[in-house]
Amino acid sequence: MSNFAAAGYSVGLLTLRRVKLIRFLFLSFLLTFSTLVSTEANPYSVAHLRRQYQQAATSKEAGEKFYQLMAAYDKQDAVVLAYKAAAEAIRARDASMFNKLTYVQNASKLFDQAVKLDSNNAEIRFLRLSVESNLPGFLGLSPHVEEDRQFLVSTLLKHPSSGLDEESFGLVRNFLVDRGHVSEAEAQKLTQL
């Protein structure tokens, strides 16, 4: 092969590599951008709702924003209904004394509906437990605390076959352990996972 042919072959390889690199970078950008757009286009994605719920739990302003988002939801996805119930409960936290009970009762009805749609969903059970375990006992609106607690402990002990992703697993485990919803023995087993 002549020097000229070898140089042309090298330039051709270099150009082909550049084209492949540009194509790879473009596809990576497109995939990243489409993921961002799809999350923003769907405010009811579970990942988005988790973030909104965690923010709403700590801020009155975020709680109101979360409530407004969830009040507009009119479909029947079980997990999203559970987040709608949680938004009602958060609204009760921030409402006047006169309206608190109404929001809590709405939350209870929505949780019942969500559990009927998907009784084996750990995220739904976690949301219901996190709300019911914080309600005053005299309201009589916390009948599922022990049932949900047992369900969640059993589910977590199956991890990584629990059906929960790592983020959800950590969130539920930490809630149960930190809030004292598990025995000492259960806490030790769960923290070893």
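Colleague: Leaving aside its neighbours within four places in sequence, which residues is Y83 in contact with?
Modeller: In this predicted model, Y83 touches L49, R50, Y53, F66, M70, E123 and L127.

Colleague: And where does Y83 lie? Is Y83 buried or exposed?
Modeller: Y83 is part of helix α4. Its relative accessibility is 2%, and since buried means under 20%, Y83 counts as buried.

Colleague: How far apart are the C-alpha atoms of Y83 and E123?
Modeller: They are separated by 9.4 Å, while along the chain the two residues are 40 apart.

Colleague: Which aromatic cluster do Y53 and F66 belong to?
Modeller: Y53 and F66 form one cluster together with Y83.

Colleague: OK, on to helices. How do α3 and α4 cross?
Modeller: A pair of packed helices is described by the angle and the distance between the axes. Here the axes of α3 and α4 (residues 78–94) come within 9 Å and cross at roughly 140°.

Colleague: Why are they called oblique to each other?
Modeller: Roughly antiparallel needs an angle over 145 degrees, and theirs is roughly 140°, so α3 and α4 are oblique. The crossing of α3 past α4 is left-handed.

Colleague: Which residues meet there?
Modeller: On the α3 side they include G63, F66, Y67 and M70. On the α4 side, Y83, A86, A87 and I90 are among them.

Colleague: New topic: how many aromatic pairs does the structure hold?
Modeller: It holds five. One of them is Y67 with Y103: the ring centres are 5.9 Å apart and the planes are at 85°, so this pair is edge-to-face. The pair links distant parts of the chain, with Y67 in α3 (residues 60–71) and Y103 in α5 (residues 97–117), 36 residues apart.

Colleague: Are those two buried or exposed?
Modeller: Y67 is buried, at 14% relative accessible area, and Y103 is buried too, at 15%.

Colleague: What about F126 and F175?
Modeller: Their ring centres are 5.3 Å apart with planes at 85°, so that pair is edge-to-face. F126 sits in α6 (residues 122–132) and F175 in α8 (residues 166–178), 49 residues apart. F126 is buried with a relative accessible area of 6%, and F175 is buried with 10%.

Colleague: Last one: what sits over the ring of F151?
Modeller: That is the charged end of R125, 4.4 Å from the centre of the ring.

Notes: Residues are numbered from 1 along each chain as its sequence is written. This is a predicted model: local features need pLDDT of at least 70, side-chain atom pairs count only at pLDDT 80 or more; totals for chains, interfaces and linings use all residues. Side-chain values use heavy atoms; hydrogens and water are left out. Rings of Phe, Tyr and Trp (its six-membered ring) pair if their centres lie within 6.5 Å; planes under 30 degrees apart count as stacked, over 60 as edge-to-face and the rest as tilted. Helices (H or I, at least four residues) and strands (E, at least two) are DSSP runs, numbered from the N terminus. Buried means under 20% relative accessible area, exposed over 50%, partly exposed in between (1.4 Å probe, protein chains only). A charge sits over a ring if NZ of Lys or CZ of Arg is within 6 Å of the ring centre and within 35 degrees of the ring normal. Axes are lines fitted to C-alpha atoms, for helices over the stretch in contact, and angles run from 0 to 180 degrees between N-to-C directions. Angles under 35 degrees count as roughly parallel, over 145 as roughly antiparallel, 65 to 115 as roughly perpendicular and the rest as oblique. A crossing is left-handed if the near helix is turned anticlockwise from the far one by less than a right angle, and right-handed if clockwise. Contact means heavy atoms within 4.5 Å.
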